[in-house]
Amino acid sequence: MVEKVNKGEPILKINDIILDFSTEEGTVKALDDVSLTVKKGEIHGLIGETGCGKSVTSLTTLGLLDDNAIIRGGEVFYRGEDLLEMSEKELRKNVRGNEISMIFQNPSTSLNPVYTAGEQVKESIVLYQSDDDDESQRLVLDELDRVKLPDPEEVYKKYPHELSGGMMQRVMIAMMLACNSNLLIADEPTTALDVSIQAQFLKVLEELKEKEELSILYITHDMAVISEICDKVTVMYGGQIAETAEVHDIFNNPRHPYTNGLIHSVPGVKKDVKEFETIPGTVPRLINPPSGCRFHPRCEYAQEICKEERPPLERIGKEHLVACHFWEEVE
Amino acid sequence: MSNIVETKNLKNFFQSKKGTVKAVNDVTLNVVKGETLGVVGESGCGKTTLGRTILKLIEPTDGKIFFDGEDITDHSGKKMREFRKKMNIVFQDPVSALNPQMTVYDHLDRPLEIHNMVSSEDEKLTKMVDILNTMGLKAEHLIRYPHELSGGQKQRVCIARALCLEPDFLVLDEPTSALDVSVQSKILKLLDRAKEKFDVSYMFISHNINLVRAISDRLGVMYLGRLVEVGDSDEIFENPQHPYTKALFKSVPQPDPDEKVEAPLSGQVPSPVEPPEGCNFAPRCKQKIGEICEKHDPELKESGERKIACHLYY
Amino acid sequence: MEKKSIGKYIDEDTDQQEIDAELEDLKEKETSQLALAWMRFKRSKLALIGGLIVLVLVITAIFAPFIAPYDPLETNPQRRLEDPSSEHLLGTDNLGRDIFSRLVYGTRIALMIGVLIVAVSGGIGITLGVLAGVFGGWIDEAIMRLVDTFLAFPTVVMALAIAGALGPGLYNVIIAVGLVVWTRFARVTRGDILSIKTETYIEAAEAIGESKISLITKYYIPNVLPSIVVVATIMMPTALLASAALTFLGIGAQAPDPSWGYMVSSGRDYLTIAPWMATFGGASITVTVLAFNFVGDGLRDALDPVRGGS
């Protein structure tokens, strides 16, 4: 990992990934030309519903896909190097954990139940910061404090089952910081947490972004959370990228019909159920996905061209990309 | 305005290895006929247990439950079965709420058969199709097995099953939490439509505060097994009064990039096993007024148009 | 500039279009559970081979009179202990009977023994398993202690004891073995029921007012069925082996019935001069046992993910 990246420059560049899964029911066309860029010091939200491919995209980045996955094209550039070209050994040694960390929805399955929280963070400290026993202990407490865990000395001694979901997620962040990771991929990290705990957690992430220039790819289905901490947002639908824009533009000037529909069906935007808008139809199965733009069967602006030609992801503004033939007509 | 459901000092305690879990701890509330009562709270607040206890799917430890004026607390067997027709529940996970070996037809057939609601096969089919259509499904769906349906469709079948009973009262326990966002809004609209068509009262339990706001007439906020604030939904959202309610609402992210949350609540909800003496919320409350909060559990008392359990308002 | 959308879900009557389009999608999704299970079953070559063998056995049993060249009971003192030849495919036994014909008719006995033992043990085991699982409490405790008691003794020893008490004869062997191996059915049924008990659809059924009996017949049993089928299939070889063992020891099928176990035991005395009597009888048992085991394994893998939905 040679290339140094400065704040504002791309740290992760996913280019034109085409990915299939071969299953007994047929070939699942999971990702169709997926491109995404995360900049250093940016929290980039990745939003979409079931089957949109957001989790698959993150797993592709770290080479964590199942055996039945076939990458048909594309690259994943991290600090200048293509991760897809790396061997499993290289990824494990140089990338996973120390350069790029990943946290999931259920932290209890990521933490080792027979070691205390402190011991697990210490493992990372010893590997990447200091192997002196006393110093590493102190550094662990520092990291636990950095993620705003109350009473770090107590938490150090606790086993995962003695900690709440919110605390475990923060221990995971502490482990990531201990490794001096540059990029965090968070897949629905707060979905299983209470709303008050989620608020605390989001504040921690924000502070880390400000102080440490941490870059985060934040995957979720929750629009409210996206609007809370993300700088940039990418919307996925049915394995395709629909739109990428700064968070204000996504909410105030959505150019893709799907983004538009999504914004208007989120409770909180409309305060009464009678005013709720819905997107007709259902998410497509990806074994035989709709042709062209996969959203066309549900789109009120769809014309023949949408069925025949997949709209390219084009730049319509400084930071605004959209894949739609009729983006100008939306709303 | 009469009540379809009323509870008085309802308690549900469980024994666990660590002690007594006071899941529902002295809850007195009512659901007015024709309304939707939203119930919100975080983990350990007891809202799910409350719903099931009111339906007597779990027997209460103490207190009383009234349905349309009648005391059903001690009802069982045949007597209780009559009430199973009048009140029912829709669960959070539609996947496990449907019998994988039964078709949609079978699922709708059971309530109609058990309660002798139709006198001919024709009548049965007509009724089934009518309810399916209300839920955005068609007659052709009757022959399908659950695994052939999408998540949203499964949940619609669950709601249809409950509606077959023509109930007066439905507990909706996180009915959309397991579904995609775009599906959620559809289901909520269907529930709204069903409420009017079938004249049902709802108790809508959810952890999604924004969602509850959109659908509730009145709102109840629970913390650690107790009801801390109850009243008109819009009023509580405009002007929350209980310290917990205030802090909770401030923590809820809004889908608006210019509105940011605060994290006013530190720590986490303590375990409902052997809750602390005095007010449950005292350890985390920033508006404590002193020893009284730590020694005496505040009762749910009327304060203006709503009820609050807080010493600040006595 | 109001161009009409081509989206199939979009129309004036959005609701209706949407419903129709969803139904179209459903049709595409039409892989029934059975078809998926068959795909999984096919993956195992052993299971397919086993299945083929079982099919051959069943056909043999049904069409025995057409397949067997001779009457299995017809003795022929002139043609005793002959080697396999074009006239007698597998030779003759000590009373001049055609071994091949006896094997063919023996298939009927073998399958019948297997099916009946499965029926007896299944009947007892499933009933007790259901009671233990559904009602729990002291009923569960009592039944589980009963299971433990039966499991404390080796199968054959216990069956021997019971058969000894009942007396000789094929049907007594069936009852004896059935009374011993029911425990496997009971355990599997109870285990399944305990896991189904925590499923929400049971609670939903209670919420609509289902009686305990309806719960058992309409909810528990249909979902326990896949496991029971697997156990029953794997029980066939156990049943066969147990009854063959008992026959070998002198209890059970008596002369002149062409049961394989009897052929093995009576062929014992002639092993050195005419080994084919015992050998072919034993081989038939072995092949049948293996076949059912392979099918049982294949079924278990095929049905496992289907249970509880896909």
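Predicted model: local features only at pLDDT ≥ 70, side-chain atom pairs only at ≥ 80, totals over all residues.
User: Among contacts in chain A between residues at least 6 apart in sequence, what percentage join residues at least 24 apart?
Analyst: Two residues are in contact if their C-beta atoms lie within 7 Å. Among the contacts of chain A whose residues are at least 6 apart in sequence, the share that joins residues at least 24 apart is 66%.

User: What distance separates the centres of domain 1 and domain 2 of chain A?
Analyst: The domain assignment places 10–99 + 187–194 + 214–329 in domain 1 of chain A and 107–181 in domain 2 of chain A. Taken over C-alpha atoms, the separation of their centres is 32 Å.

User: How many residues does each domain of chain A give to the contact?
Analyst: The side of domain 1 of chain A that touches domain 2 has three nonpolar residues, two polar and one charged. The contact takes six residues from domain 1 of chain A and, from domain 2 of chain A, seven residues.

User: Which helices of chain A are included in what covers the buried residues of helix 3?
Analyst: Helix 3 of chain A, residues 117–128, reaches 17 Å from its first C-alpha to its last, close to the expected 16 Å. Its buried residues include A:Ala117, A:Val121 and A:Ile125. The cover over the buried residues of this helix includes helix 4 (133–146), helix 5 (152–157) and helix 6 (165–178) of chain A.

User: Is A:Gly166 buried or exposed?
Analyst: A:Gly166 belongs to helix 6 of chain A. Leaving out residues up to four places away in sequence, A:Gly166 touches A:Leu193, A:Ile197, A:Gln200, A:Phe201 and, in chain B, B:Gln268. A residue with 20 or more other C-beta atoms within 10 Å is buried. A:Gly166 has 24 such neighbours, so A:Gly166 counts as buried.

User: Which element gives the largest share of the side of chain B that touches chain A?
Analyst: The contact joins 34 residues of chain B to 38 residues of chain A. On the chain B side, the elements that give two or more residues are helix 6 (181–198), helix 7 (209–215) and helix 9 (243–251). By class, this side has 15 nonpolar, 11 polar and eight charged residues. The largest share, seven residues, comes from helix 6 of chain B.

User: Which are the edge strands of the eight-stranded open sheet of chain A?
Analyst: The sheet has the order 6-7-8-3-9-10-12-11, with mixed pairing. Strand 11 of chain A is joined to strand 12 (residues 321–322) by two bridges, and the two run antiparallel. The strands that pair on one side only are strand 6 (100–103) and strand 11 (314–315) of chain A.

User: What is the bridge partner of B:Asn88 in strand 7 of chain B?
Analyst: B:Asn88 and B:Val90 point one way from strand 6 of chain B, whereas B:Met87 and B:Ile89 point the other way, and all are buried. Four bridges join this strand to strand 7 (residues 169–173) of chain B, and the two run parallel. Within strand 7 of chain B, the partner of B:Asn88 is B:Leu170.

User: What separates the C-alpha atoms of A:Asp33 and A:Gln240?
Analyst: A:Asp33 lies in strand 2 (residues 26–39) of chain A. Apart from neighbours within four places in sequence, A:Asp33 is in contact with A:Asp16, A:Ile18 and A:Gln240. Although A:Asp33 and A:Gln240 are 207 residues apart along the chain, their C-alpha atoms are separated by 6.6 Å.

User: What is phi of A:Asp16 near?
Analyst: A:Asp16 is in strand 1 (residues 10–23) of chain A. With 13 other C-beta atoms within 10 Å, A:Asp16 is partly exposed. Its phi is positive, in a residue other than glycine, and is near 45°.

Conventions:
Residues numbered from 1 in each chain as written. Chains lettered and ligands numbered in written order. Expected span 1.5 Å × (residues − 1). Buried ≥ 20, exposed ≤ 12 C-beta atoms within 10 Å, placed from the backbone. Nonpolar A, V, L, I, M, F, W, Y, C, P; charged D, E, K, R; others polar. Domains from an automatic or database assignment. Pairing = 2+ DSSP bridges.
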